[in-house]
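Take a look at the structure below. The paragraphs after it lead you from one pair of residues out to whole chains.

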Amino acid sequence: MSTLSVKPTSFWQSLSKFDWIYAVLLLAGGIFSYQRYAGFMDIYEVSFLFGAVALFSYLGWRWSAIARLVLGVAVLSLIGVYSYHGDLANGGQRFLLKFLLASQSAVMWMNVLFVLAMLTYWLALFQKSAFTAKVASALTWAATLFGFVGLMVRWYESYLIAPDVGHIPISNLYEVFILFCLITSLLYLHYEKLFNTRQLGGFVLVVINAAVGFILWYTFDRHANEIQPLVPALQSYWMKIHVPANFIGYGAFSLAAMVAGAYLLAKHGVLTSRLPAPHVLDDLMYKAIAVGFAFFTIATILGAMWAAEAWGGYWSWDPKETWALIVWLNYAAWLHLRLMKGLRGTVLAWWALVGLLVTTFAFLGVNMFLSGLHSYGTL
Amino acid sequence: MKAPISLSQRVYELLSSMRFAVSLLTLLGVASIIGTVLKQNEPYTNYIVKFGQFWFELFEMLGLLDVYHAAWFLIILLFLVVSTTLCVIRNAPLMIKEWQVYKEHATEKSLRLFGHQASVTTTQPVAALQTQLSDFLTAERYTFKTRQQDNGDVLIAAKLGTHQRLGYIFTHVAIVVICFGGLLDGNLPFKVQELLGWKKIETRDISSRKVPAESRLGVDNLSFRANMTLPEGERDNVAFVRVRDGYLVQDLPFTVALKDFRIEHYATGMPKSFESDIVITDSELSKPIEATIRVNHPYIYKGIAIYQSDFQDGGSELKFKLWDLAASNQDGFDVDGVVSQKGSLGDGAQKMTVEFNEFRQFNILNLSADGKGKPHNVGPNTTLKLRNASGQAREYMSYMQPLQLDGRSYFVSGMRETVQDEFKYLRIPADDALEINGFMHLRQTLRNEQAIRDIASQVAKQMPGDNAALRAQFEQSLQHLLVTFKQGGYSELSRIIESAVPKDQREQAAQTYLKLLNRAALQGYQMSRAQRQLPPVPETQETAMFIQDSLNAMNDLFFYGTPYYFQLKNYTLKQASGFQLTRSPGQNWVYFGSVMLVLGIFAMFYIKERRLWLLIKPAQQEVLLAMSSNRKNMDLDQDFARVQQQLTALLHTTA
């Protein structure tokens, strides 16, 4: 066997020609954006721009599907941006924009595709059909693609409203719900590949579709889909890192809770034969919570640093901060029991499920029921 | 026999135990919820109004009004720090040992008991095997130690990713460091001084200069979060720290002056930025520092960060037209006021105090009927209180410009009797020149006895037919109708109807009366316009609406609670900017702890610790491999299977 030449190839040697082309394209995109829009960015934002080039190069190298997604998002977004010809009114007139690439349309496609993906995953689970499950994965990828295109085009649209209105679309509940769907979906797809199982899609897509339901209600009942300018407190480069980090946390915790649900069902003899073995579910749950905890910690720290700059103190015991701490303490306790005490199984699964309630309250409940400094996303 | 365990040993065991730590995490979480449900640090009167005296006192006693600074909460935090510290002290030596050692003294017997162990047969000589296995381990990034055993066996003890152990130390030390930083920035020194009776909060509303030393914090105070409100053009060198229902004065080592405060707006009317131009003067400075601070962009001088926190009115000058609704003169008179100052009206028992409380230049409202339209700026408004001689006050909030409601323009003024109430709004219709005068003059006309007689006779004259008696009777009842309305509005009218008309005809009678009232009011309006040398208004639907709205407003004025209507005519804006000034020596500790925490967490989660033993047994032509990890995860099964497969292949093929 050839694997026996035990010298491992170095990381750089393992990169293929496609990997290099991909990275060069990303870098070219970064440089182009810098040349064109440097005036809109401060030094931190420039570092985020090139940081993102490095990050997405790395992610694409490690997971080629991400590279394809990034390129797909780039191509479709650029077509969308180009189709606008600098006039927002084109969004409602040009066929391609109106029905596919304007942010509203792309988000609607995302919604539809997520619903279809969930149904297909469940169908695959009952049919025990690998092919149907593959279709479901493809639909999930497509939904993710359209969601990101929606956000990218929305970013551009916000600058078309007025240059001073333009901002990254992660500033209110409507926008972060889209972000939540996308991040949860990517995390799921990652575990789908890592654990080589498509049986959990139906479960994870439930929480994503709950968010889709919220987006639809928020769009049609509250008209919250309109782009609003940023209040002064949100005009900061911190938003670009604090919010995504937070949603990796929320997404991972939600995913863990859905897997915990599957675990509990399997333990009670429901769908047992159609789901992965309990110890696999248990392991996946742990991995998701670990990712969530790491990023939630980062997000909270970034939040504290931002608060120090915006509100005059890194910690004010504001309801949002306090609930972030409660979420953090909750999962810290969970991890202690699992890592230090070696606890496994039903208790932790129930705990992860209840953890989702705590997390949801921190994310939504605080905005709905409590008032404080952090009231950017009121319903 | 077991040695008896001393009490201190048992306490140490408890405090440093995981069980205790997890309980503390949970307790802290639950305790934190309280402060998010009950609004913290509100003025005490708000609590009394909301919960009543009994609950307020109970809450105050339990420290629930400021949970996060309550003694019991700090004690939980203290226990967390102690528990974490002891946990580190207890486990760190072991962790450091695990981090360093190779465990090359493991016996064959113990290795064979491992969950993950396997034998691979091989025929190669020991030396060749050793080289091969070393190469393999190096390629897999293991570090290892080789030990020749007495029986001729060779044990290679390898380890990978033991840095994970540092993750434990990092995360736990980080918590202690963060809490220490937080403690530095807390108000513990003040609490101690207060307990000792050296310091006392000030509750009186007096000038900061007069606040005694026992309620002042010196310039050498290590950490504080204080507030300062400066009107434009003014300066100060103290800030205020709010404590419970009082405050402390924080002396500053410099003086801050506010040159200008600006609010910029987006095209939608939403605020875009709040900026203050400040000047810092200090005897140590050769020339003053000029700086602009805005939200997210504080200015730091002498370790004190100055933040844009809020803004309010700094004493804008207001010019009103005051309409005395009880008087019979037709024009209002001019009154000046300054925000946050007082004035007086009338005299004797009728004397009233006017408190000019607030002025807001921009008000972003959504006035569409279904609430779905876009909010926009409706212009300035002002809030004032009218207090009578016995101290009772009503609050009035009036908009300067007419608001567009249901497609028509109204001067809107809200009234409420207590701060808990919602405002009840009076809508006065704007006339064709978008002024309030049309209504005011119409009202004066409809309240003037001579005018009432004239209106009645003129309307009666327009009556068709030539029955003089009927006409006189009509004129009479019209007069009566107007007088009744003048005296008590719609409710007086309905009282009359109820007393004079049988039940089944009341509805119709009311309709007739209202029609007549509108007709008469229109006549009155034309008369009042003629008096002011204005042409008569055309009798359109628009005019009819104006008349109807005017009658409604006249009726509502009976419930307005004051005979004065303050119409804001002009203003000179003077703003005050609110700053927060903080000195927080703990901040860098907290950040340092945070970085440690993140590094530690990633080390704990993503460095996989693996120990691999390869026991070469030349006599048995066998290599025993055993693998362990401190985490029993699926990854370990997978890694072991992979290593086993690779080694089997390696040792067989080269044979």
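**From one bridge to two chains**

V120(B) stands opposite V623(B) in strand β26(B). This is a predicted model, in which local features need pLDDT of at least 70 and side-chain atom pairs count only at pLDDT 80 or more, while totals for chains, interfaces and linings use all residues. Residues are numbered from 1 along each chain as its sequence is written, and chains are lettered from A and ligands numbered from 1 in the order in which they are written.

Step back from that pair. β1(B) and β26(B), residues 622-628, pair in the antiparallel sense over 6 bridges. Two strands pair if DSSP finds at least two bridges between them. Strands (E, at least two residues) and helices (H or I, at least four) are DSSP runs, numbered from the N terminus.

Both strands belong to an open sheet of 5 strands in chain B, in the order β1-β26-β25-β3-β2, with antiparallel pairing. Its edge strands are β1 (116-121) and β2 (143-148) of chain B, and each pairs on one side only. From one strand to the next, the twist averages 15°. Axes here are lines fitted to C-alpha atoms (for helices over the stretch in contact), and angles run from 0 to 180 degrees between N-to-C directions.

Another open sheet in chain B has 3 strands, in the order β13-β12-β23, again with antiparallel pairing. Here β13 (333-338) and β23 (564-572) of chain B are the edge strands. The twist averages 30° from one strand to the next. Strand β12(B), residues 317-324, pairs with β23(B) over 8 bridges. Across that pairing, F320(B) stands opposite L568(B).

Now find strand β24(B), residues 575-583. Is it mostly covered or uncovered? It is mostly covered: 7 of its 9 residues are buried. Buried means that 20 or more other C-beta atoms lie within 10 Å of the residue's own; exposed means 12 or fewer, partly exposed in between, with C-beta atoms placed from the backbone. Strand β5(B), residues 224-231, runs antiparallel to β24(B), and 8 bridges join them. A226(B) has L581(B) as its bridge partner there. Strand β11(B), residues 304-313, also pairs with β24(B) in the antiparallel sense, over 8 bridges. There, D313(B) is partnered by Q575(B).

Next, take chain B as a whole. It has 15 helices and 26 strands. Of its 655 residues, 29% count as buried. Its C-alpha atoms fill a box of roughly 145 × 60 × 55 Å, taken along the principal axes.

Where do the nonpolar residues gather? A nonpolar core is a set of buried Ala, Val, Leu, Ile, Met, Phe, Trp, Tyr and Cys residues joined through C-beta atoms within 7 Å. The largest core has 131 residues, and A256(A), V259(A), M285(A) and I289(A) touch the most other members. Helix α10(A) gives the largest share of this core, 21 residues. Apart from it lies another core, of 50 residues, including V354(B) and Y564(B).

Finally, see where the chains meet. The contact takes 49 residues from chain A and 52 residues from chain B. Two residues are in contact if their C-beta atoms, placed from the backbone, lie within 7 Å. On the side of chain A that touches chain B, α10 (278-310) and α11 (319-340) of chain A are the elements that give two or more residues. α11(A) gives the most, with 13 residues.
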